[in-house]
Amino acid sequence: MKVNSTNSQTLARDAVPPITIPTDKTLLDMLYYMKLTRELEFRIERKLYRQGKIVGGVYVGRGQEAIAVGSCIDLRADDVVCPSHRDMGAFLIRGMPLRTILAQYMARKTGATRGKEGNMHMGDLSKNLIAFVSMLGDNVPVAAGIGLSMKMRGQDRVVLCFFGDGATSRGDWHEGINMASVWKVPVVFVCNNNQYAYSTPLERQMAVENIADRAEAYGLPGEIVDGNDILAVSDSATRAIERARSGHGPTLIECKTFRMTGHSAHDDAGYVPPELFEYWEERDPINRFERFLTERGLTTTSALDQLQTRINHEIDDAIQLAEKDPFPDPEDCLKDVYDEGE
Amino acid sequence: MALTTYVEAIRQGIWEEMEKDERVFVLGEDVGIYGGAFKVTAGMLERFGEWRIIDTPISESGIVGAAIGAALMGMRPVAEMQFADFISCAFDQITNFAAKCRYRWGAGVPIVVRGPSGGGVHGGPFHSQNPEMYYVHTPGLKVVCPATAYDAKGLIKAAIRDPDPVIYFEHKFLYRRVKEELPSDDFVVPIGKAAIRRTGSDMTVVTYGAMVYIALEAAKELEKEGIDLEILDLRSLLPFDKEAVLDSVRKTNKVILLHEDTRIGGFAGELAAIISEEAFEYLDGPIRRITAPDTPVPYSPPLEEFFLPKASDIVRVARELYAY
């Protein structure tokens, strides 16, 4: 299989030129959302969690920011996204406010789930964001059903469904991919292949080389992308989205990347050989993209500094507000199990 | 007026809801051209087309997952499990995804998952089970078990219109054995309301599903001995009609809890606890349970007959209880 990438220094063995480069505005938006994701998750994992302000689990997508941002950046508002747990960029691009996200992590009543759930287990139907469950891969048949409803109603909307490499071992993943392909529904399946499922490396997860190899068994196109190359991700996603929107059915995109942290904030990833972190640090998606934009004359060192300062302020403000937000009332435990009417 | 069977009542209920509301659709294994293994969806493909009566791969979890996705987009899916036994394959989607969406992030999941449950037809361990309690133990779900054709129709319509996920267990033994005249107008049976099937004064039998008929048979026998049973058909298990149970027990002061499901962790245990907590001072005898034994449902007729609660079991227990 060929790997879609712009840079042969990466894991690309066989790049697929030429890649469509988005507009300058989109490129700068991509940079903003990647950097916002990085900084937000840094604060969550390295500050708020360690300060004891986040009481539950924390899972971040450091090193994988290009995937959610590159694939969601050009979606329409009426398209639907089913994120998984390392796709913070999807929430940000869909317009979930920083304060809502931070209040969610800090278990406040103003969080996206009003304290019922923690971390990125959140959704908002008004933003067409579907909350995932911890049983990874469950969102794959759900995405197939969302696509089915669009097809039944003759809508030209699409669904983006995210998961990791580990999720592709679950039966639900296979059932959902198969159904989506049989029904030819408008779903784009995006795999963050970060090569570890918690502590289990890929070779203990599957006996095929690529996640994308699995697509052939279900009769849908599978494409491998350099997941740390946002231009390649966006190029592949744009084509798959267009294919889905025009009625040609689902695509499976495998984004090769690496999880630059442990599985969660309490996991030091001691089982990952250090040279793997070094290898992937050199391929950091944000650094690469900043170099690209600089070479293209779209940014400068001082502009990047200004952008970072702006992002820091946005997050500082949101943290301040979220920290002052109230916790839910204990009795809220009993609410919203069922529809309670108006 | 013609009599309508239980299975036809379900079919009519789904059909009418599909005519009335274009968001309603059916998905499941062999529901289309074949009309369903038990013909619940017979004729629907011709009327509604292949995108509202959807034949699916053999993927129960996928079927329910897809139903959830469509429901989140405003549709009203009715997912068929070819046998209720196979709902185990969809356990995760039902209990983790569907049941918890509203609580977690305020998103209602108005799906119906329905399928034929119950024994008495020599179906063996995988075509005879009564899996209701797995779902009764899951907050966020509703669970119904109709016993009559009227309830079968009224509850499927209520389930389809309900804003929350409803698990609808129809009893396959009743499909063509139970029939009655149905009103021609549009009616629903509210979820969570029990029905008194026989008014009596000596003791209450609380039951549901096919066991309603076993209880009625026993009541006829016991009537000859001057023992007067009240029979309460729960119809819904989650939520269940607690007041109806307590009212009847407070009246008759004795109670038999009867179900076709196995004993440990069965609904009878829950009812016994509630009666003990809330009507203890009204009881004039021990709370008695009649259930299937704690085994899989066996195939061979003598084994299955042994497994299923019988009218003679009720007669025996009622006599013992009457003596208090």
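Reader: Leaving aside neighbours within four places in sequence, which residues is Gln104(A) in contact with?

Author: Gln104(A) is in contact with Gly111(A), Ala112(A), Thr113(A) and Met122(A), once neighbours within four places in sequence are set aside. Two residues are in contact if their C-beta atoms, placed from the backbone, lie within 7 Å. This is a predicted model, in which local features need pLDDT of at least 70, side-chain atom pairs count only at pLDDT 80 or more, and totals for chains, interfaces and linings use all residues. Residues are numbered from 1 along each chain as its sequence is written, while chains are lettered from A and ligands numbered from 1 in the order in which they are written.

Reader: Where does Gln104(A) lie, and is it buried or exposed?

Author: Gln104(A) lies in helix H4 (residues 98-105) of chain A. Helices (H or I, at least four residues) and strands (E, at least two) are DSSP runs, numbered from the N terminus. Gln104(A) is buried, because 27 other C-beta atoms are within 10 Å. A residue is buried if 20 or more other C-beta atoms lie within 10 Å of its own, exposed if 12 or fewer, and partly exposed in between, with C-beta atoms placed from the backbone.

Reader: At what angle do the axes of H5(A) and H3(B) cross?

Author: Their axes cross at roughly 50° and come within 6 Å. Axes are lines fitted to C-alpha atoms, for helices over the stretch in contact, and angles run from 0 to 180 degrees between N-to-C directions. H5(A) and H3(B) are therefore oblique to each other. Angles under 35 degrees count as roughly parallel, over 145 as roughly antiparallel, 65 to 115 as roughly perpendicular and the rest as oblique. The crossing of H5(A) and H3(B) is right-handed. A crossing is left-handed if the near helix is turned anticlockwise from the far one by less than a right angle, and right-handed if clockwise.

Reader: Which residues in H5(A) and H3(B) meet?

Author: Among them are Ala143(A), Ala144(A) and Gly145(A) in H5(A), and Gly65(B), Ala66(B) and Gly69(B) in H3(B). The residues of this contact divide into 11 nonpolar, six polar and no charged.

Reader: How many residues of H3(B) are buried?

Author: In H3(B), 13 of its 13 residues are buried. The 13 residues of this helix (residues 60-72) should span 18 Å at 1.5 Å a residue, and the end C-alpha atoms are 18 Å apart, which agrees. The expected span is 1.5 Å times one less than the number of residues. Just after H3(B), Gly74(B) takes a positive phi of about 100°.

Reader: Back in chain A, how do H5(A) and H6(A) cross?

Author: The axes of H5 (residues 139-152) and H6 (residues 171-183) of chain A come within 7 Å and cross at roughly 20°. H5(A) and H6(A) are therefore roughly parallel to each other. H5(A) passes H6(A) in a left-handed crossing, and the contact residues divide into 10 nonpolar, two polar and three charged.

Reader: What about backbone geometry: which residues does a cis peptide bond join?

Author: A cis peptide bond joins Leu238(B) and Pro239(B), with omega about -5°. Pro239(B) has its place in the loop between strand S12 (236-238) and helix H9 (242-252) of chain B. Most residues other than glycine have a negative phi, and most peptide bonds are trans.

Reader: What is phi of Lys184(A), and where is the place of this residue?

Author: Phi of Lys184(A) is near 55°, a positive value in a residue other than glycine. Lys184(A) sits in the loop between H6 and strand S4 (187-193) of chain A. With 17 other C-beta atoms within 10 Å, Lys184(A) is partly exposed.

Reader: And what is phi of Gln195(A)?

Author: Gln195(A) has a positive phi of about 75°, although it is not a glycine. Its place is in the loop between S4 and strand S5 (196-197) of chain A. Gln195(A) counts as partly exposed, with 19 C-beta neighbours inside 10 Å.

Key: Ala, Val, Leu, Ile, Met, Phe, Trp, Tyr, Cys and Pro count as nonpolar, Asp, Glu, Lys and Arg as charged, and the others, Gly among them, as polar.
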